[in-house]
Structure formats: structure tokens, C-alpha cells
Amino acid sequence: MEGSGSVSHDFFKFNSKIVLWLLFWFQFQSIHGDTSLRNKIKIVTAGAVPPLVELLKYPNGNLRELAAAAVLSLSSAASNKPTIVASGAALLLVQVLCSGSVQGRVDAVTALYNLSTCDEEPKLVLDAKAVPPLIDLLKECKKYSKFAEKTTFLLEIFSGSDEGRSAITNVNGGILALVETVEDGSSISMSHAVGALLSLCQSSRDKYRDLILKEGAIPGLLRLTAEGTPIAQDRARTLLDCASELLSREKIDIL
């Protein structure tokens with residue numbers, strides 16, 4: 001018999017009404033800022049993640065988004081991240097990102113960002129289906145906002161894979177959104193955006209360099225070499241070097 005201070009996994013598994021109550025409790029607590037880190041860890045330890053994952057599969061959009069908000073809240077505790085990653089919640093969060101309300105998509109992005117910063121195994125594997133809605137949200141938000149920092153962080157991760165790079169370039173305005181972030185973002189979002197562009201260029205100069213230059217990247221990169229963080233400056237210089245090779249070659253062709 002467990003003590004009165006703990007709740008078993010079976011309690012969550014077989015008491016769906018209690019799980020729903022838990023979701024609304026999270027919503028209430030988030031409004032009032034009362035959900036302590038300690039409580040979040042206790043909730044995950046008690047076995048709340050599996051039923052939340054089941055609710056993320058639920059066809060009812062409101063319940064799915066409440067579950068996404070709960071996962072977001074729980075994912076802010078570092079020790080909870082491996083459990084949530086191992087549960088497969090990330091793939092379901094991508095579904096919310098693709099089809100949810102604006103608030104649902106914002107919660108899904110923030111939860112994915114939290115989970116992607118997990119230093120322990122298992123490492124988060126992101127589905128490239130997340131790229132189009134991420135680009136759309138980046139287009140709509142202020143490039144210097146905290147949300148843009150999280151979005152560009154995720155896009156920089158995607159730029160490290162062939163599937164992710166293809167998704168970024170196949171979205172209408174995908175590269176332009178990153179170029180605009182280099183121009184108008186915060187120091188953090190600028191660094192992630194230029195990192196994503198550099199990853200594209202380094203993976204295949206002939207394939208991506210022209211696309212980046214056509215979106216007018218040069219002015220923002222030049223400014224970043226002077227005003228960015230040390231990492232962003234290095235990335236901007238490397239990308240400019242990559243671009244200058246093409247520009248020099250074009251001059252020779254003209255001559």
C-alpha cells in the first residue's frame with residue numbers, strides 16, 4: 001500500500017476523469033504561476049506521462065492541446081525530459097504543431113524546444129513534418145522574441161539533416177524567414193538563423209548558396225560580423241566566404 005503522499009501509475013492509467021482534472025489543474029496553475037518544479041517532478045514520477053501521451057492521440061482538439069500544455073509544463077523540469085522523450089510524446093506534439101490552434105502550436109514548439117535540450121539519453125528525434133509550421137510561425141512572430149529564439153533553435157537542428165534541409169527549402173519563404181531573422185532578430189535568434197543557413201550552404205554549396213544569396217542575405221551577414229555574438233560572427237564570416245566564392249566566379253564569367 002502506497003503512502004498518501006504518492007499516486008501510483010495505475011491510478012493515472014485507469015482514472016481518466018482524474019487525468020482530465022489534472023489537465024485543468026495544470027491550466028489553472030499556469031495562469032496563477034503556482035506549479036513548482038518539485039510538484040512537476042513528483043507528477044512525472046507518479047506516472048502521469050503515459051496517460052498524457054494517450055490524450056495527445058485523442059481526436060478532440062481541445063483535450064489534445066490541454067495535454068500538450070501539460071507536457072510543456074512538465075518538460076520544464078530537466079529530470080522529467082528523458083521520461084517524456086522516451087514516451088514518444090514528441091511525434092504527437094508535432095501533430096499538434098501541424099494542426100492545432102495558435103496557442104496549441106506555440107505550446108508544442110516550446111515543449112519540443114524543452115525536450116530538445118535534454119542532455120541525457122534517449123536523445124530527441126525530431127520529425128521534419130514540423131518544419132513547415134515552424135517556418136510559418138517564424139514568419140508571423142517578432143524575430144527578436146523569445147519564441148523566435150526557440151523556433152530558430154529547432155530549425156537549426158533540422159538544418160543538420162538532409163530531410164530537414166529539404167523541408168526548409170521546400171517551404172515557400174523558408175530561407176527568407178531565416179534571412180529576415182538574421183537581419184532583425186535578437187542575438188540568440190540571429191545566431192541560430194545564421195547557423196541554419198550556414199549548415200545549408202556547407203552541406204551543398206551548389207544546391208543552397210544561390211538560394212540564400214537570392215534572398216538578400218549579404219547585408220544582414222555583414223552587420224552580423226560586427227554586431228553579433230562571437231559564435232554568430234564566426235558563422236557569418238564563414239557564410240560570407242562561401243558566398244564570395246560564387247560572386248568572384250560570376251565576375252570572372254562576365255569578364
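Colleague: Which residues is Leu56 in contact with, leaving aside its neighbours within four places in sequence?

Modeller: Leu56 is in contact with Arg64, Ala67, Ala68, Val71, Ala89, Leu92, Leu93 and Val96, with neighbours within four places in sequence left aside. Contact here means heavy atoms within 4.5 Å. This is a predicted model, in which local features need pLDDT of at least 70 and side-chain atom pairs count only at pLDDT 80 or more, while totals for chains, interfaces and linings use all residues. Residues are numbered from 1 along each chain as its sequence is written, and side-chain values use heavy atoms, with hydrogens and water left out.

Colleague: Which residues touch the most other members of the largest nonpolar core?

Modeller: Leu56 and Leu197 do, in a core of 69 residues. Helix H13 (residues 187–203) provides the largest share of this core, eight residues. A nonpolar core is a set of buried Ala, Val, Leu, Ile, Met, Phe, Trp, Tyr and Cys residues joined through side-chain atoms within 4.5 Å. Buried means under 20% relative accessible area, exposed over 50%, and partly exposed in between, using a 1.4 Å probe and protein chains only.

Colleague: What does the secondary structure of the protein come to?

Modeller: It comes to 16 helices and zero strands. Helices (H or I, at least four residues) and strands (E, at least two) are DSSP runs, numbered from the N terminus. Of the 255 residues in the protein, 49% are buried. Among contacts with a separation of 6 or more, 69% are between residues 24 or more positions apart.

Colleague: How many residues of H5 are buried?

Modeller: Twelve of the 15 residues in H5 are buried, and the helix is mostly covered. The buried residues include Arg64, Ala67, Ala68 and Val71, each of which is also in contact with Leu56. Helix H5 covers residues 61–75 and reaches 21 Å from its first C-alpha to its last, close to the 21 Å expected at 1.5 Å a residue. The expected span is 1.5 Å times one less than the number of residues.

Colleague: Where does Ile168 lie?

Modeller: Ile168 lies in helix H11 (residues 162–170). Its relative accessible area is 0%, so Ile168 is classed as buried. Leaving aside neighbours within four places in sequence, Ile168 is in contact with Val131, Leu155, Ser159, Gly174, Ile175, Leu178 and Leu200.

Colleague: What about Cys98: which residues is it in contact with beyond four places in sequence?

Modeller: Cys98 is in contact with Lys129 and Pro133. Cys98 lies in helix H7 (residues 89–99) and is partly exposed, with a relative accessible area of 43%.

Colleague: New topic: which residues line the largest cavity?

Modeller: The lining consists of Cys201, Arg209, Ile212, Leu213, Leu221, Leu239 and Ala243. A cavity is a set of points, on a 1 Å grid over the protein atoms alone, where a 1.4 Å probe fits but cannot get out; lining residues have an atom within 4 Å of a point. About 40 Å³ of space lies in this cavity. That volume is the space filled by probe spheres set on the points, which are joined across faces, edges and corners.

Colleague: Which helix gives the largest share of that lining?

Modeller: H14 does, with three residues. Helix H14 (205–214) and helix H16 (230–254) each supply at least two lining residues.

Colleague: Lastly, which peptide bond is cis, with omega near 0°?

Modeller: The peptide bond from Glu121 to Pro122 is cis. Pro122 lies in the loop between helix H8 (102–116) and helix H9 (131–140). Most peptide bonds are trans.

Note on methods:
1 Å grid on protein atoms, 1.4 Å probe; cavity = no way out; pocket = protein on both sides within 12 Å on 5 of 7 lines; lining within 4 Å.
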